[in-house]
Structures are given as C-alpha cells and as structure tokens.
Amino acid sequence: MSIKLAIALEDNKIFRHISERLDRSKSYTCPFCLAPVQSKKGQERQHHFAHLPGTSCSANEETLLHFNAKHYLAYCIKNKFDIAIHVPVEILPPKLKGTLLSLGIREYPLSLLSLTSFYKSRGAIVEKAIGPYIADVFMLLYDIDIQSGISEEGFVFEIVVTHEMEQEKQHWLIDNNINFLELAPRAFDDNTFSFRALRLHFPDYFSNLQTNLINTTAETFHQELTEVIKENIRLETDQKIEQSLKLKAWDWVVDRILYRDDLRTWVPDEIQREMKSITVKPFWDQEIRKVTMFGATYKKVREHRMVFALDESDREFLILNEKILLAELLKVLSVAYPAEMIIGKSLQGKAGVIGFSFHNVIDPINYEKEWKNSLKKVFDSVRNRLELGSEDKNGQN
C-alpha cells in the first residue's frame, strides 16, 4: 500500500516537513523503512513525500498519524507557528471554567504561540527521554541549563492516537512539577494538523490568564488603588480596611464590565454568533460551506414541487432531505421555545397542522440582558465570598 508522508529524513539527519523548502541536492528517506522517497508538490494534489515504485513500507495509518502529528507540532514550536489547540472548558481549572461557562463558552482556543511565549520556549525535541519515560515532544525552555544533567525539566506534549497516557506517567509528571498537555491530532489534506486537548497540567499559565482578564478590565483602577494603599499602608493589618479595599476593587471591576463596557467586546464575534445560533441538518449529510440565506421559494420543477433557499444574488439552492430537515427544525425549536400548533383544514378538507407559533424568541437586546444577569450572579457570588472571608477572619480573632 502506498502511504503519503508529511515528514521525511533529509540526509538521514534532519526531519523535514513537506511544506518546507527542499534542497534538490539532498537525499530524502522514509523515517519508517529508510527507503528513498520523493516529494510530490504539484498544484492539483496533496503535497507529500512518496515511496518509489516497488517499495514496501510497514507503517500503518495509526503509526503514520502519530509520527506526523508529533513532528508537525515540534516543527511549529521551533518555527514559532501558531496553532489553535481546542480545549474543552470541562478540563480547565475550576475558576476559569466557571467564568467561561457563565459566558456560554464551551471550548477555549488555546494559542500554541501564546503557550510557547509564556514558557519562553527555545525549541523542541521529538521522543526525548525524561526520567523513566519518553516524551513525544519535549519543549526546551530558555531558563533551563541543558548542561546541568537535569533532563526532567521543560514542557511535555503527548500525542494520543490509539492509547491515552497511562496514569503512572501522569502522576510522575505532576509529582515532579513537569507541565504537560495531552493532545488528540486530526490530519488535514494539506498535511497540517489540528489538536484537541484531552488532559493538561500547567496551572501557572491559566492563573496568569485569569489575572490578565482582571488586569485588562481594571487597568485604570490599579493606579488609583495603588495610591489608596500607599496612603493607608499603616492600616494594612486592619481587617475592615482590607475588606473595604477588596470590595471596592471588585465593585469597580463589575461596574466596568456590566455597565460601562459593551459586553460583546469581551467575547469574539464567532463565539457570540455560535451562542445565538441553532444549527439543524440531517446528521448524515456532509457539510461543504456556509452561505447566508436571504429567503426561500417553493416552485414546481417538472412534475414535482421543491423547496429552494436563496442567497443574496437570488441564486437557488435545492433543500435536500426537506422533510427530515423540517422534522429536525421543529424538534429543536419546540425544545428551545414554547410552541403552539395551528390546527386547520387544507383546501381538500383534510384536518391537520397548518402552521406553528413559537413564543419568546430571544432578540439581541433581551439576549444581552439575560447574558448580563447571568454574569451578575457570578460576580455577586464572588463578592459574597469576599465578605464571608473577612467575617471568618474577624471571628478567628
């Protein structure tokens, strides 16, 4: 079976991705069977390395996906290329998880470039020995002395295709204060990859992210708060003053977010659109692209009547599986909104449903009010904890 390689060995020394500039004077071999390969970079086909005719290679799809994905990840780290790593909110630290869920965000797009910048990456090594284990990708950090003989420091990426990381390895990494990210890869036709996070452990990054959220909102207030603290430094140990400052800081931040800034500036347009959208389609139909709809028409084609959707240029797109699509749409709408069936008779006198009425459909203004009320509940909960925390200290005294 002929396999398409995204990675090849250059002169048996360096791994090269097919997207890199290749040197015709160099030889390229398969990293699995070490047989010669040639680059295929035409305009009408997927770019890849291919074995020469008559060559057999034992690599299977799972092995190939794991190999290509980890080398692609290392290649992106080394060259400072960005990838959006899809992180389900459920696996994030509790505080950040609660904040994002309150905003309706179910998946956090973690920037690889942001991660490598935060940890001061200086490159990556594939299949690096670390303690009793092998890391799929080991990110080197600038503040690590590689001559010191300490090989267990850095950042570990594990690529999962068939088997997830064993618990013993997870516990060993955590016990040794080694940050890690376990990823499931997905290959694209251009031999690039996307990654979805399965497990993670790098709490300092998310702690910094949460802090930055507050810092961005309260930038002006920080200056004011600093002056207040300087003036009241001698009262630093007084529990009532400490509580007052905390509550004042929190109230300022809440006021800025809820009543002065437009809430929509805090969440990307794509996420807002997704939050306000209902998508309905037969599950087996393959999606190609999305086109804005400007209307619909019901017309006779030959001996049949068919339903068409119209784009902005009034081009007609036949609605496939129209009965199934209608059933799915009614099912979703009846769950989302209170609905009434309008019962009547057709021109032939047959009784049945002739229409539907859906109530309390959320318009953008009411939607933002509900969004703001939900966020306010979260902020009020935090403020209550601040107050209770101060009372507990006073009780201990």
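Mentor: Start with Lys70, which is placed in helix 1. Keep in mind that the model is predicted.

Trainee: Why is Lys70 called buried?

Mentor: Its relative accessible area is 4%, and buried means under 20%, so Lys70 counts as buried.

Trainee: Which residues does Lys70 touch, not counting residues up to four places away in sequence?

Mentor: They are Val126, Glu127, Asp136, Val137 and Ile159. A touch here requires heavy atoms within 4.5 Å.

Trainee: What makes Leu112 buried or exposed?

Mentor: Leu112 is found in helix 3, residues 112–118. Its relative accessibility is 1%; the limit for buried is under 20%, so Leu112 is buried. Leaving out residues up to four places away in sequence, Leu112 touches Leu73, Cys76, Ile77, Phe81, Asp82, Ile83, Ile85 and Phe157. One of those partners, Cys76, is buried too, with a relative accessible area of 1%.

Trainee: How far apart are Leu112 and Ala84 in sequence and in space?

Mentor: They are 28 residues apart in sequence, and their C-alpha atoms are 6.4 Å apart.

Trainee: What makes the contact between Glu182 and Arg199 a salt bridge?

Mentor: The N to O distance between their side chains is 2.9 Å. The definition asks for a side-chain nitrogen of Lys or Arg within 4 Å of a carboxyl oxygen of Asp or Glu, so this pair qualifies. The pair links distant parts of the chain, with Glu182 in strand 11 (residues 179–187) and Arg199 in strand 12 (residues 193–201), 17 residues apart.

Trainee: Why do Glu182 and Arg199 get the labels they have for accessibility?

Mentor: Glu182 has 0% relative accessibility, so it is buried.

Trainee: What makes Glu316 and Lys299 a salt bridge?

Mentor: Their side chains meet at 3.2 Å, N to O, and the cut-off is within 4 Å. This pair also links distant parts of the chain: Glu316 is in strand 15 (residues 316–318) and Lys299 in strand 13 (residues 295–301), 17 residues apart. Glu316 is partly exposed at 39% relative accessibility, and Lys299 is partly exposed with a relative accessible area of 30%. Salt bridges with shared partners also join Glu10, Arg16 and Glu20 into one network.

Trainee: How do you know that Arg16 and Glu10 meet in a salt bridge?

Mentor: The N to O distance between their side chains is 3.3 Å, and the requirement is within 4 Å. Glu10 is buried at 8% relative accessibility, whereas Arg16 is partly exposed at 23%. In total the structure holds eleven salt bridges.

Trainee: Where is Asn321, and what is its phi?

Mentor: Asn321 is in the loop between strand 15 and helix 9 (322–336). Its phi is positive, about 50°, although Asn321 is not a glycine. At 31% relative accessibility, Asn321 counts as partly exposed.

Trainee: How many residues line the second largest pocket, and which are closest to its centre?

Mentor: The second largest pocket holds about 360 Å³ of space. It is lined by 15 residues, and the closest to its centre are Lys4, Gln46, Leu64, Ala187 and Asn191. By class, the lining has eight nonpolar, four polar and three charged residues. Helix 1 (residues 61–78) gives the most to this lining, with four residues.

Definitions and conventions:
Residues numbered from 1 in each chain as written. Predicted model: local features only at pLDDT ≥ 70, side-chain atom pairs only at ≥ 80, totals over all residues. Heavy atoms only, no water. Buried < 20%, exposed > 50% of the residue type's maximum accessible area, 1.4 Å probe, protein only. Helix = DSSP H or I, 4+ residues; strand = E, 2+ residues; numbered from the N terminus. 1 Å grid on protein atoms, 1.4 Å probe; cavity = no way out; pocket = protein on both sides within 12 Å on 5 of 7 lines; lining within 4 Å. Points joined across faces, edges and corners; volume = space filled by probe spheres on them. Nonpolar A, V, L, I, M, F, W, Y, C, P; charged D, E, K, R; others polar.
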